[in-house]
Structure formats: structure tokens, C-alpha cells
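Thanks for coming, everyone. Please have a look at the sequence and the model on the screen, and then I'll walk you through them.

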Amino acid sequence: MGPKAVIDGCLLSPSALVERSWGEGVDFRRARAVREDAALTDMTETAGVQPERRRMVEFLLGGGMLASVLSFFYPVLRYLVPPAVPDLGGDEVVAAKAGDLKPNSSKIFRFGNRPGLLLMSADGGYRAMSATCTHLSCTVQYRNDLHQVWCACHNGLYDLNGRNLSGPPPRPLEAYQVHVRGDEIVVSRKREG
Ligand code: FES
């Protein structure tokens, strides 16, 4: 008979001690197996959910980036492409609404597939002409500081009727007729004869 030990207030023989520790080992292994099962279940569930979450996050990030890109390029596009205006049949177009222009200002409008220039002179009269420079086809603009039409490409100058004044432009700009119809400013080509 070997030495005995007192555990939890009980006097235990060596064989009882071995039996008890073996039993605790079984309990410990069982508990560990249960924990591992639970962890495996968690991993399986998480593995099913994560791709869905990842797809959602990727979708949101992709949408955000697309919105940023669009918000950057949209103003540039609007600047480069003149706004659409109703075309009344090729020789006539509504270039603006009454009140769009103030004296000594202008706007570019689309006339067929070419730009046109509508301007209101300082005295409040409308004038319209082709906005395509007769030199090398740059788009001209109204200079309200000069009260003249100017081509920035080679410093060409035209008067308010489109006549070439100085610089390289060889010919006048094509002048158009302007009619005020109700609240519409209608521009049309001048008819020959
Ligand atoms: S293109 Fe206008 S001046 Fe040359």
C-alpha cells in the first residue's frame, strides 16, 4: 500500500488517484472536443457569410468610385459638349430664351453640327453668326471688353456683324438672322436673293 493523498477532503489511495486523474483527463478531452466542434461550426457559418459581406463591401466601394469618377467628368463633358437646342429644320434653331442674355454678353449655341454665336450688344440688340473662324476653324468668342468677336487661336478679330477686321481670318463669319418669337430667340440662315 503506497502513500495516500487527501483531495477535496477525501483520503485517496494511489490507484484511486490514477482513476480520478484518468477520469478528469477524459472530461478534459471531451470538453476540448466540444470546443473544437463549436469552433468548426463557427468557421463553417462564417465561411458562408463572408463572401456575401465581401461582395456587398466591394459593390459599395465600386459604386462610390464610379460616382466619384462621374462627378469629376460630368462638368468637363458639359463644358465640351454644347447643350442641345431644338432644331427647327436645319435652317432655323431656337438659340436662347428671352432673358438668357444680358447686354454685352453672348452664348454659343449649336446650329446643325456647327457652333453659332449669339450675342446681345451693349445697346440690347441681338446679333448671330457662325462661331467657326474662317482662318483655321477655331471657335470664336465675344470679347465684352473689346466689343468685338475674337479668335484665340491666332488673335483674329471680327466686328459685331462678323466682318474680319484684323489677324489672319481671310473672310467674314457667316451672319445669321435673329427673330424674337414670344420668349424664344430664333436664329436662321440668311436666304440668298
Ligand atoms: S483659326 Fe482663327 S485666327 Fe486662326
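Let me start with a question: in which sense do E7 and E8 pair, and over how many bridges? E7 and E8 pair in the antiparallel sense, over 3 bridges. Pairing here requires at least two bridges between the strands, as found by DSSP. At one of these positions, Gln-141 stands opposite Trp-150 in E8.

Before going on, some ground rules. This is a predicted model, where local features need pLDDT of at least 70 and side-chain atom pairs count only at pLDDT 80 or more, while totals for chains, interfaces and linings use all residues. Residues are numbered from 1 along each chain as its sequence is written.

Now the overview. The chain has 1 helix and 12 strands. Those are DSSP runs, numbered from the N terminus: helices are H or I with at least four residues, strands are E with at least two. From the N terminus on, we read β-β-α-β-β-β-β-β-β-β-β-β-β. The chain has 193 residues, and buried ones make up 16% of them. Buried means 20 or more other C-beta atoms within 10 Å of the residue's own; exposed means 12 or fewer; partly exposed is in between, with C-beta atoms placed from the backbone. Take the contacts with a separation of 6 or more: residues 24 or more positions apart account for 34% of them. A contact is two C-beta atoms, placed from the backbone, within 7 Å.

Back to E7 and E8. They belong to an open sheet of 4 strands, in the order E7-E8-E9-E10, with antiparallel pairing. E7 and E10 (164–166) are the edge strands, each pairing on one side only. From one strand to the next, the twist averages 40°. For such angles, axes are lines fitted to C-alpha atoms, for helices over the stretch in contact, and angles run from 0 to 180 degrees between N-to-C directions.

Next, another open sheet. It has 6 strands, in the order E3-E12-E11-E6-E5-E4, and the pairing is antiparallel. Here E3 and E4 are the edges; each pairs on one side only. The twist in this sheet averages 30° from one strand to the next.

Let's walk through some of its pairs. E4 and E5 are joined by 7 bridges, antiparallel. Phe-111 has Arg-114 in E5 as its bridge partner. E6 and E11 (residues 175–181) run antiparallel and are joined by 2 bridges. There, Ala-128 stands opposite Tyr-176 in E11. E11 and E12 also run antiparallel, with 6 bridges between them. His-179 finds its bridge partner in E12, at Val-186. E11 and E12 form a hairpin with 2 residues between the strands, and in it Gly-182 takes a positive phi near 60°.

What about positive phi in residues other than glycine? Asn-104 is one, with phi near 65°. Asn-104 sits in the loop between E3 and E4. Is Asn-104 buried or partly exposed? Asn-104 is partly exposed, because 15 other C-beta atoms lie within 10 Å. Ser-137 is not a glycine either, and its phi is positive at about 70°. Look for Ser-137 in the loop between E6 and E7 (141–143). Ser-137 has 10 other C-beta atoms within 10 Å, so Ser-137 is exposed.

Now the core. How many residues are in the largest nonpolar core? It has 22, and among those with the most contacts inside it are Ala-95, Phe-109, Leu-118, Ala-128 and Val-187. Such a core is a set of buried Ala, Val, Leu, Ile, Met, Phe, Trp, Tyr and Cys residues joined through C-beta atoms within 7 Å. Elements giving two or more residues to this core include E3 (92–97), E4 (105–111), E6 (126–130) and E8 (148–151). E5 gives the most, with 4 residues.

Zoom in on Val-187. Leaving aside neighbours within four places in sequence, Val-187 is in contact with residues including Val-93, Ala-95, Leu-118, Ala-128 and Tyr-176.

Last stop: Arg-189, in strand E12. Arg-189 counts as partly exposed because it has 17 C-beta neighbours inside 10 Å. Not counting residues up to four places away in sequence, Arg-189 touches Asp-91 and Tyr-176. Its C-alpha atom is separated by 9.0 Å from that of Val-178, 11 residues apart along the chain.

That's the tour. Over to you for discussion.
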